[in-house]
Number of protein chains: 4
Amino acid sequence: MTPTAPAIDLDALRGILGSVVAPWVAELDLQLQQATLGEVRLALPVAPKHVHGGGVLCGQSMMAAADTAMILAICTHLGSFQPMTTVQLQTSFLRPIPGNAGTASVVARVLRMGRKLVFGEIEILDARGELAAHATTTYALV
Amino acid sequence: MTPTAPAIDLDALRGILGSVVAPWVAELDLQLQQATLGEVRLALPVAPKHVHGGGVLCGQSMMAAADTAMILAICTHLGSFQPMTTVQLQTSFLRPIPGNAGTASVVARVLRMGRKLVFGEIEILDARGELAAHATTTYALV
Amino acid sequence: MTPTAPAIDLDALRGILGSVVAPWVAELDLQLQQATLGEVRLALPVAPKHVHGGGVLCGQSMMAAADTAMILAICTHLGSFQPMTTVQLQTSFLRPIPGNAGTASVVARVLRMGRKLVFGEIEILDARGELAAHATTTYALV
Amino acid sequence: MTPTAPAIDLDALRGILGSVVAPWVAELDLQLQQATLGEVRLALPVAPKHVHGGGVLCGQSMMAAADTAMILAICTHLGSFQPMTTVQLQTSFLRPIPGNAGTASVVARVLRMGRKLVFGEIEILDARGELAAHATTTYALV
């Protein structure tokens, strides 16, 4: 299936990323790389401040990145930012990402774009492209 | 049911909180308030850096607080910190916490302490004690 | 906290249980025992047809019972049955229920009754009252 | 990516399906159609006994099908049935499947095959191939 162009361009998505999220979440330093209709890919730098005592990227950073990426994936359908709220987010942690792994990737995908509810999934991939975490989520458009 | 004393004291739990989590998670500024066997209560200050563009405490901070609190709840059984990993964490967001709400509370409770797997639930309460978010989680002891 | 009377009586709830669910789900033979505002308790007989090859109550029956019980818990607020749909349901399985355990209990509780979305949790308890499974769920009122 | 042959043949998988699940789950009448390493596809007939009062396939049947399909997907790695237990299963319901829809499909996929824990996802597709439900799950090998 050929990807369809998003209803919003990359610069506008980057503007949303830069203005909507809380300052603490902005510290994730997520970098938007690609967007098609219903899907975005972001880079998540594995910075020392996100590495816990066990020497791996902490799960809190992965959940935060997943939630944030989904907002942008939804905006590829909406064409602009509109108020929305996370109803639930479930994350499974499959394999650790070493603290010196460089950059992880976050791929957020809309599975179902309803009028009121949106369902999506998010993959966190390590630098080799292996699945490190997988999340599913429901958003409500408000 | 009268709470049972934890297998570890508050100062030791605070030491774990101060040494195990990633620096970015430490910025949540979680304050341990109470601990009994299988349950901990922490204060989560609703600081401006955790408030998103909609004016409420961001979900990312609540998920991170939930995950972090659970580590301490598990340590009340273990008696000390031992390596563990989050297998999955599911969070539902029930009501927003306003950005000027002062302090939220995080209560993490072990539902089942297995030898290898631990199940728990976490409540995030707003300043009035209303349930704002509810999470369930599985940890693996490694 | 003293329980508040439900907005619907037990007979009406039993009528809903008997008329709304699919015939296959009716085979769970759930028996409504108690209802207060926002909470119901049902008996789940551990019948041989719900026991899998490992000799324990199958998880499928527990998930089905949880989902079904939640409908009734929501009706204790609504006062009658109204169309609703499960948005998501997450179940954790904490300990097995032996196939000869007699009767399990299902307690469904509304955590947040919104106008459009309802959040709840469900406990499945074995015959001794130990927590065997724990579920959280979101329903949409339609 | 070319699918790899499963470590077990279709007949053996059908034998597992026929012998391991509880009699009530066998009433789902799931039919194994395909298996590759880490992935199985089954047909789920939308029979009247699985249709609830709203005229659509009930969610309980979809959750039960998802859980059951995952066992077979795991066996494509194991090469035979081995004792395992569902740790948790999270299902999101995206669109209803009409009660006269004929046959739904269930695709279960192993996302991560660990030594002790297995992570997977399951899609329930309606007769047109649209995603109706999506589940993620953790199994423990015992």
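As background, two copies of a chain are related by a rotation about an axis and a shift along it.

A word on the ground rules. This is a predicted model, where local features need pLDDT of at least 70, side-chain atom pairs count only at pLDDT 80 or more, and totals for chains, interfaces and linings use all residues. Residues are numbered from 1 along each chain as its sequence is written, while chains are lettered from A and ligands numbered from 1 in the order in which they are written.

Now the contact itself. Six residues of chain C are in contact with six residues of chain A. Contact means that the C-beta atoms of two residues, placed from the backbone, lie within 7 Å. On the chain C side, β3 (84-93) and β6 (131-141) each supply at least two residues. The largest share, three residues, comes from β3(C). By class, this side of chain C has three nonpolar, three polar and no charged residues. Here Ala, Val, Leu, Ile, Met, Phe, Trp, Tyr, Cys and Pro count as nonpolar, Asp, Glu, Lys and Arg as charged, and the others, Gly among them, as polar. Of the interface residues of chain C, 100% are also interface residues in chain A, so the copies meet through the same surface.

The element names are DSSP runs, numbered from the N terminus: helices are H or I with at least four residues, strands are E with at least two.

Next, chains B and A.

How many residues of chain B are in contact with chain A? The count is 32 residues of chain B, against 32 residues of chain A. On the chain B side, α1, α2 (23-26), α3 and β3 give two or more residues each. β3(B) brings the largest share, nine residues. By class, this side has 14 nonpolar, 15 polar and three charged residues. Again, 100% of the interface residues of chain B are also interface residues in chain A, so the copies meet through the same surface.

On to the sheet. There are 12 strands in an open, antiparallel sheet, ordered β1(A)-β2(A)-β4(A)-β5(A)-β6(A)-β3(A)-β3(B)-β6(B)-β5(B)-β4(B)-β2(B)-β1(B). Strands pair if DSSP finds at least two bridges between them. The edge strands are β1 (31-36) of chain A and β1 (31-36) of chain B, each pairing on one side only. On average, neighbouring strands are turned by 20 degrees against each other, direction ignored.

Look at the join between the chains. β3(A) and β3(B), residues 84-93 in each, pair in the antiparallel sense over five bridges. A:Thr91 has B:Leu89 as its bridge partner in β3(B). A:Gln88 stands opposite B:Ser92.

Then the helices. α3(B) lies across β3 of chain A together with β1, β2 (39-45), β3, β4 (103-113), β5 (117-125) and β6 (131-141) of chain B. α3(B) runs at about 45 degrees to β4(B). Axes are lines fitted to C-alpha atoms, for helices over the stretch in contact, and angles run from 0 to 180 degrees between N-to-C directions.

α3(B) (residues 59-78) also packs with α1(B) (residues 10-20), at an angle of about 140 degrees and with the axes 10 Å apart. The two helices are therefore oblique to each other. Angles under 35 degrees count as roughly parallel, over 145 as roughly antiparallel, 65 to 115 as roughly perpendicular, and the rest as oblique. B:Leu13, B:Ile16, B:Leu17 and B:Val20 in α1(B) meet B:Ile71, B:Leu72 and B:Cys75 in α3(B). That contact has seven nonpolar residues, no polar and no charged.

Last, chains C and D. They form an open antiparallel sheet of 12 strands, in the order β1(C)-β2(C)-β4(C)-β5(C)-β6(C)-β3(C)-β3(D)-β6(D)-β5(D)-β4(D)-β2(D)-β1(D). Within chain C, eight bridges join β4 (residues 103-113) to β5 (residues 117-125), which run antiparallel. There, C:Arg109 stands opposite C:Glu121 in β5(C).
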